[in-house]
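Dear colleague,

Please find below the structure for your review. My notes on the contacts between and within its chains follow.

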Amino acid sequence: MKAFRSRPSIMISRREENKKAELEIKSLRLTFGGVTAVKDVDLNVHTGELMAIIGPNGAGKTSLLNCITGFYRPQKGRITFNGTDITDLHTHQLVDVGIGRTFQNIELFPGMTVLANMTLARHIHCHYSFIHSCLFSPSVKKEEIRHRQILEEIIDFLEMQSIRKKTVGSLPYGMMKRVELGRALALEPKLLILDEPFAGMNLEEKEDMVRFLLELNQRWGLTMILVEHDMSIVMNISKRIMVLNFGEKIGEGTAEEISGHPEVIRAYLGDSGIL
Amino acid sequence: MKKFSFHSCGNYREDYAEELKIFETYFGRICLGLFLILFFAVAPFVVSAYMLYILNMIGIAAIAAIGLNILIGYTGQISLGHGAFFGVGAYAAAILATRLGLGFYLAIPAAGIITALVGMIFGIPSGRLKGLYLTIATLAGQFIIEYVLIHWDSLTKGTMGITLPAPKIIQWEIAGDKAFFFLIFISLVLMTWFAVNIMRSKYGRAFIAIRDNDRAAEGMGIPIFRYKLLSFAISSFYAGFAGALWAYYMISITTEPFNLGLSVEFIAMVIIGGLGNIPGAIFGATFITLLNEFLRFFTGLLMNIGFVVSFGLNMAPLREFTFGLVIVLFILLEPRGLAELWRIARSSFRLWPFSY
Amino acid sequence: MGEILLQLNNISVVYSDVIQVLKGVSLSVEKGHIVSLLGSNGAGKTTTLKAISGLLKPENGKVTDGSIIYNGKNIQNQAPEYITRQGIIQVLEGRQPFKYLTIEENLRVGTATRSSQPYKEDLELVYKYFPALIPRKKSLAGYCSGGELQMLVIGRALMAHPQLLMLDEPSLGLAPLVVQEIFRIIKMINEEHGTTIILVEQNANMALQVAHYGYVMENGKIVMEGSADDLAKNPDVKEFYLGMSASGIAKSYKDVKSYRRRKRWL
Amino acid sequence: MDFFLQLLVNGVCVGLLYGISAMGFVMIFKSSSVLNFAHGELLALGAFFFLALISWAKLPILIAFVLTLVGSFILGFLIEKFFLRPLIGEKLIFVIMLTVGLAAMFKGFILLIWGGNLHTYPEFLSESIALKLGSIYIAPVYTATLIISIIFLVLFGLFFKKSAQGIYMRSVADNQKAALSLGVHVRRVFALSWAIAALVASMSGIVLGIINGVNVHDLSSIGLKVFPVVILGGLDSIGGAIVGGIIIGLLETFTGGYLSPSLRDVVPYIVLVLILLVKPYGLFGLVEIERV
């Protein structure tokens, strides 16, 4: 039975404390060279939520994500995750804390195979020492095999069996996005940040992606932040939506509240409504 | 079931452990084993002293080249200071041996570690600099180290040079080409094995990730700066280790050889051998060392031909010219290097004798 | 049927001598029309555009079979420098600005195919279409937002006075309002200048709204063609590209089935 | 005080020389992102070609000069066509190593023909353009250098900022694929930039030859001196090349004058690394724009 096998045990067996993902952002401000990209934004994400952030291009959505994931350093404000202050952590430390992400313009390693890409994400879960790796001792071998099993479970779940040995650069766009999701899952994050995961996908690929995201969120309780322009998806699957414009929060609420919000319609959705 | 085949024609692996193997087939493993046994049992006893000297030089160069390949080929940080690091290793061993009287079995690894520390210092700019800016910073490293080696008289005896004692295991002296052959090539085999292992574990993967896309690497939880430093350290360790072996082998060392030209030669070995390929570095070291020897021999021959002498032509520059030409041709014709040629040669044995 | 500007006769494209991407694609583009090319990722839409514009070459690709006839001339496997000078300009997927050039300098690169001619008027024209670019004239393109960049790259292509403009996914990653704006301008360019346009889009809804004619590609082949209106009414297109159930009601992603659906023609 | 002033003036003069030597280098980098290790050898080839024309062929100075420029223009064009073009799209290190190989070839070639000795040009610059400011004397050749570097600075500045060809060149360096899609003749741009760079290089080679005599080892080591200069200024900035040149020139003359001559060659590098740690893209280099 496919359906049973396809559930990564790492996700199923997650203990409650490993699911906990409370993100709190307080009056965050980011400026580069005179332009304020993020302007005093507050945001709370709770465990198990699927939070969407929408807004026009250049509204500061990606900048906000980059602050959370440590690529940018905010000038003002605090970000806490599960009670610890993560504002000044480096990107690689945030992965340790449990925040994984995908990128707007796919940031895979195009020359490597799908499997190699995903193996990289196991980096923080590899615990052997340098000396051991010089000798490639049996313990290293055992650990490597365990990681491979975990990756295979994720590959099964995302239905990527046929491409696991393919070079990522040769895959179609929609597949690359899926590989990127797989790689982010291999990090075993508590909070998954998705930056435009549906861009450039056709309907079929979008449906697949929605299916994966919903399963991750609903059945496994993975907390997610989603930045996306496809309103039909955002309105359908997210529990809460925040709208940014010129770096400022102009609205927050459920899909119904947002789609009726006059300022959001003016700044973002346009009069023709949902596309 | 143990499969014995010359070269597998498809993916027949049955568990994940098999994918972690270095050799795809038992045949490959046995071949290498046989080659090594033959090499150690036969080579030092049949070849001439001159050939043995060349073999030893190849072995030393190969260790240094493997190190540089880890830095350039795998981590993508172009360093023009490898020649200087080689020199640091040589001098560290010489000073440890003469001043502190350390035995070679301590002095050589210690020289490697000292060089690794120096390498890390010169790797610090890699935290902020990218691409060509970093390359030039390592060039600066090359000149600064060269300067220090020449002018820190009290430690390095400047241009006078240092003479090393012969390495000793208890009472037995390692001297002569034959004894060094074993020392050098056992080191090479071990160092190659370490390098291959590092490259197939999380460290090697992190290096490659940094080379291919540093932002994504960071997003995977890899602390980039720390790993770049580690790569500089490993690479300089190899250089320092090789330099120390070289110092013992040469008995007496001066600052002269550790110039930019040597750094360039090491890069040439890495490129001609094949970037990001550990056996390739050995091929490259072999090729460049042989090429140098051949050119020396050939121009020497030319100089003695009657008419060249009578015209008073200086043929020595021909060496430089040809060296340049070979590098240029190699890059233009087979940028993936000797390792790629080797792969092609091997894969024509696939399904041998019934190749398709 | 009007005058045919571009005709692809049964072309095949192979990358690196081994990977076949297009397997006998034929399509024709009428002068003054907007033709849209639909299909999933990896179906070969971008490759088709590159085969026309000559950009296959730098990627080690080649048209191995068939012919591409533009204005009565055979142009397959010609160098891009030649093809662009015939009036075919491709706007690449994923907005590729010159990051270190200012907006205005970016636009000037668009004049490369006619470098000695005056360009001031064209600048004015681009600014008329895209007034959002005016305040950013002097800023580096690398610092502009996605919407501005999309306008920039379309404007840059207009600077070349194209007869045939090929747009690859102009709506990728853009906010709904900007998408509407971009498509409005695409239509305007077509109407005001008679520029023939080939439009590759994932947003089939918008694409079929502005296009006159459409082709559907799958697996390197054309599987369906017809006028935009006909295609929009086709039940398969509706289900697989427009996201509506056959009865015409927009589907909800909430009831996405937990198995993969299969296209009937595959 | 006089000593200080003389050092200052010398430093600026030497720096200007470095600056114009570096300009050709920047030219190549700006249009094709190639780090040219054969730059010193290009300088030397120009200087020796000029030498051959005036002392072997006994041509008048002006004709020899023009012929040298034409010759080096063609040489640059050919180098690009036969050696660099096949590498378009390859990794940085291959291109670097190729230019290293070319450098060895050129140097070997020059050594074969002219040997490693010092040659000199006949005196031909008039003493009337020498400057005398109080006790400080500026030789005519330095005045000429000053004039040449200002002319080039303005010329290149305008070329890259205003002319269509200059903007195309920058566009190619920025995004080759996009440039190609807009019909920029990428191959022509590369060829042209190498041709111009070789021309500028041979001109600076001649100037250096007038000052220090023509010696292949000296000239090719200038090629290495170019690196701290351009990196300090920022790899893609023509003005940066001049400023970087002057800074390095001053550093050299002052360390040589006040500290020790042996430190001359290494201090610029130390300062270079320190400056890079603060400004990773040099003083005027374009800061890499990264978007995540």
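Buried area here is the accessible area, taken with a 1.4 Å probe, that two parts lose on being put together, summed over both. By that definition, chain D and chain B bury about 4000 Å² between them, and carbon and sulfur atoms give 82% of this area.

Before the remaining findings, some conventions. This is a predicted model, in which local features need pLDDT of at least 70 and side-chain atom pairs count only at pLDDT 80 or more, while totals for chains, interfaces and linings use all residues. Residues are numbered from 1 along each chain as its sequence is written, chains are lettered from A and ligands numbered from 1 in the order in which they are written, and side-chain values use heavy atoms, with hydrogens and water left out.

Chains D and B

Among the five pairs of chains that touch, chains B and D have the most contacts (heavy atoms within 4.5 Å). The contact involves 48 residues of chain D and 36 residues of chain B. Five residue pairs, both at pLDDT 80 or more, are in polar contact between chain D and chain B; such a contact is a pair of N or O atoms within 3.5 Å, where within protein one must be able to donate a hydrogen and the other to accept it, and residues adjacent in sequence count only if both atoms are side-chain atoms. There are zero salt bridges between these two chains, a salt bridge being a side-chain nitrogen of Lys or Arg within 4 Å of a carboxyl oxygen of Asp or Glu. On the side of chain D that touches chain B, helix 3 (61–84), helix 4 (92–114), helix 9 (216–233) and helix 11 (267–278) each supply at least two residues. Helices are DSSP runs (H or I, at least four residues), numbered from the N terminus. Helix 4 of chain D gives the largest share of that side, 16 residues.

Phe143(B) lies in helix 6 (residues 131–151) of chain B. Apart from neighbours within four places in sequence, Phe143(B) is in contact with Leu260(B) and, in chain D, with Leu224(D), Val266(D) and Tyr269(D).

Chains D and C

Here 26 residues of chain D are in contact with 32 residues of chain C. The buried area is about 2600 Å², with 58% from carbon and sulfur atoms. Three salt bridges are found across this interface; one of them joins Arg187(D) and Glu81(C), whose closest N and O atoms are 3.0 Å apart. By contrast in topic, chain B and chain C share no contact, and their closest C-alpha atoms lie 17 Å apart.

Aromatic rings

Rings of Phe, Tyr and Trp (its six-membered ring) pair if their centres lie within 6.5 Å; planes under 30 degrees apart count as stacked, over 60 as edge-to-face and the rest as tilted. The count over all chains is 46 aromatic pairs. Phe130(A) and Tyr203(B) form an edge-to-face pair, at 5.1 Å centre to centre and 85 degrees between the planes. This pair joins two chains, because Phe130(A) lies in helix 7 (residues 130–135) of chain A and Tyr203(B) in helix 9 (residues 202–212) of chain B. Phe130(A) is partly exposed, with a relative accessible area of 25%, whereas Tyr203(B) is buried at 10%; buried means under 20%, exposed over 50% and partly exposed in between (1.4 Å probe, protein chains only).

Yours sincerely
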